[in-house]
Amino acid sequence: MASENEEKPKLNIVKLSKMPLKLVMDEKFLRLSPDDRIEDLIKGLEHRTCAVVTDEAGKLLGFISVDEIINLIVPPTDYVLVGMDALKEAHFDWDRPVKEIMNPRPITLSPKDTLGYALGMMLETGVRQFPVVEKKKVVGTFSAQSVIRLLRVFSR
């Protein structure tokens, strides 16, 4: 805890918005292959909000965000009409490959993009998590959680 005389770092929004995404992105991310199972995905997401699906060379094949995972859990709208009996019959298949639920064409960001650009993309698209790609390889992820981590630095 900082003493009363100690100054907190100043939060300069203009400078912050020009910060390259490379300084904010998460370089430790969950990487899966297309044939990995949904069970592997769920186990790997313990402290993460998204997963990247790549080939052996690291080329982006797909992206799985919290939204895709929620869609696995939320029953289709026709279940509402059928009722609880249909829900009881519903089967969650943990052995399905992640390629069946991934977004094969996600919006991507570059590590050279600015934080301001990335936040603008979040606001314009409603997407909260992005793969960060450089030279066709995934080098990180960027999410709302990345922004919160950055803001914590200035709150101390």
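Let's start with Glu100: this residue is partly exposed, with a relative accessible area of 49%. Keep in mind that this is a predicted model. Glu100 pairs with Arg96 in a salt bridge, and their closest N and O atoms are 2.9 Å apart. Arg96 is partly exposed as well, at 28% relative accessible area.

Staying with charges: salt bridges with shared partners link Arg37, Glu39, Asp40, Lys43 and Asp95 into one network. Take Arg37. Its side chain meets that of Glu39 in a salt bridge, 3.1 Å from N to O. Arg37 also bridges to Asp40, where the closest N and O atoms are 3.7 Å apart. Glu39 is partly exposed at 23%. Asp40 is partly exposed at 30%. The total count of salt bridges is six.

Now the inside. The largest nonpolar core has 15 residues. Which of them touch the most other members? Leu21, Leu109, Leu115 and Phe142. The biggest contributor is α6, with four residues.

Set aside neighbours within four places in sequence. Leu21 then contacts Leu109, Leu115 and Phe142, among others.

Last item. There is a second, separate core, with 13 residues. Its members include Leu32, Ile64, Ile69 and Val98.

How values were computed
Residues are numbered from 1 along each chain as its sequence is written. This is a predicted model: local features need pLDDT of at least 70, side-chain atom pairs count only at pLDDT 80 or more; totals for chains, interfaces and linings use all residues. Side-chain values use heavy atoms; hydrogens and water are left out. A nonpolar core is a set of buried Ala, Val, Leu, Ile, Met, Phe, Trp, Tyr and Cys residues joined through side-chain atoms within 4.5 Å. Buried means under 20% relative accessible area, exposed over 50%, partly exposed in between (1.4 Å probe, protein chains only). Helices (H or I, at least four residues) and strands (E, at least two) are DSSP runs, numbered from the N terminus. Contact means heavy atoms within 4.5 Å. A salt bridge is a side-chain nitrogen of Lys or Arg within 4 Å of a carboxyl oxygen of Asp or Glu.
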